[in-house]
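Hello,

Here is the structure for you to look at. Please open it beside this message; my notes follow below.

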Amino acid sequence: MLEASGIRATAQRMLVLDVLAGHRLPLSAQQVHAELHDRGAHTGLTTVYRALSSMTEAGLVHAFNHGGEAVYRLCDTGSHHHLVCRICGLVAERQEENLVEGFRAEEVYGVCAACEKRRPSPRAATS
């Protein structure tokens with residue numbers, strides 16, 4: 001995947017990619033670093049940031065803003081849109097050309113079905 005994206009496949013980049021591939025939710029650089037540490041890898045936080053940056057620039061990884069922090073997710077190849085939950089950070093990809101006629105969005109923020117179910121109903125708030 002790395003070489004197909006034009007990135008040299010170093011051991012550290014492969015480790016970072018492996019961590020991202022194992023998660024549905026986007027991860028911060030600190031979370032990637034902590035998981036690498038838990039796995040026994042001696043990869044510095046700066047190296048993690050550099051790996052994430054090069055993968056983001058190549059389009060292999062997408063960066064999102066969640067709670068004021070950059071988080072990263074391994075993306076499918078090809079043109080697609082991201083539907084991002086404002087609450088939990090879940091990302092769903094859609095391949096449609098246009099989500100709305102005449103408008104191409106890269107990221108659309110909303111609330112996923114699971115978080116919507118956990119939200120209190122408007123009636124409960126007024127009772």
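I started with one cysteine. Cys 88 sits in the loop that runs between β3 (81-85) and β4 (91-94). Its relative accessibility is 27%, so Cys 88 counts as partly exposed. Apart from neighbours within four places in sequence, Cys 88 is in contact with Leu 25, His 66, Cys 112 and Cys 115. Gly 67 is 21 residues away from Cys 88 in sequence, and the C-alpha atoms of the two are 9.6 Å apart in space.

Before reading further, note that this is a predicted model. The chain has a mean pLDDT of 83, and 83% of its residues reach 70 or more. Confidence is highest in α2, at 96, and lowest in helix α5 (residues 122-126), where the mean is 55. Where pLDDT is low, predicted coordinates should not be read in detail.

Next, the other cysteines. How many disulfides does the structure hold? It holds zero. Cys 115 shows why one pair does not count: its sulfur is 3.6 Å from the closest cysteine sulfur, which belongs to Cys 112, and that is too far for a bond. The cut-off for a disulfide is two cysteine sulfur atoms within 2.5 Å. Cys 115 is buried, as its relative accessible area is 2%. Cys 75 is buried too, with a relative accessible area of 7%.

The axes of α1 (residues 11-21) and α2 (residues 29-38) come within 10 Å and cross at roughly 105 degrees. The two helices are therefore roughly perpendicular to each other. On the α1 side the contact is made by Leu 15, Val 16, Val 19 and Leu 20, and on the α2 side by Val 32, Glu 35 and Leu 36. Sorted by class, this contact of α1 with α2 has six nonpolar residues, one charged residue and no polar ones.

What is the crossing angle between the axes of α1 and helix α3 (residues 45-57)? It is roughly 75 degrees, and these axes also come within 10 Å. That makes α1 roughly perpendicular to α3. From α1, the residues Gln 12, Arg 13, Val 16, Leu 17 and Leu 20 meet Thr 47, Val 48, Ala 51, Leu 52, Ser 54 and Met 55 of α3. The contact of α1 with α3 divides into seven nonpolar, three polar and one charged residues.

Val 16 and Leu 20 of α1 take part in the contact with α2 and also meet α3.

Regards

Notes: Residues numbered from 1 in each chain as written. Predicted model: local features only at pLDDT ≥ 70, side-chain atom pairs only at ≥ 80, totals over all residues. Heavy atoms only, no water. Axes fitted to C-alpha atoms, helices over the stretch in contact; angles between N-to-C directions. Helix = DSSP H or I, 4+ residues; strand = E, 2+ residues; numbered from the N terminus. Parallel < 35°, antiparallel > 145°, perpendicular 65-115°, else oblique. Contact = heavy atoms within 4.5 Å. Nonpolar A, V, L, I, M, F, W, Y, C, P; charged D, E, K, R; others polar. Buried < 20%, exposed > 50% of the residue type's maximum accessible area, 1.4 Å probe, protein only. pLDDT = per-residue confidence, 0-100.
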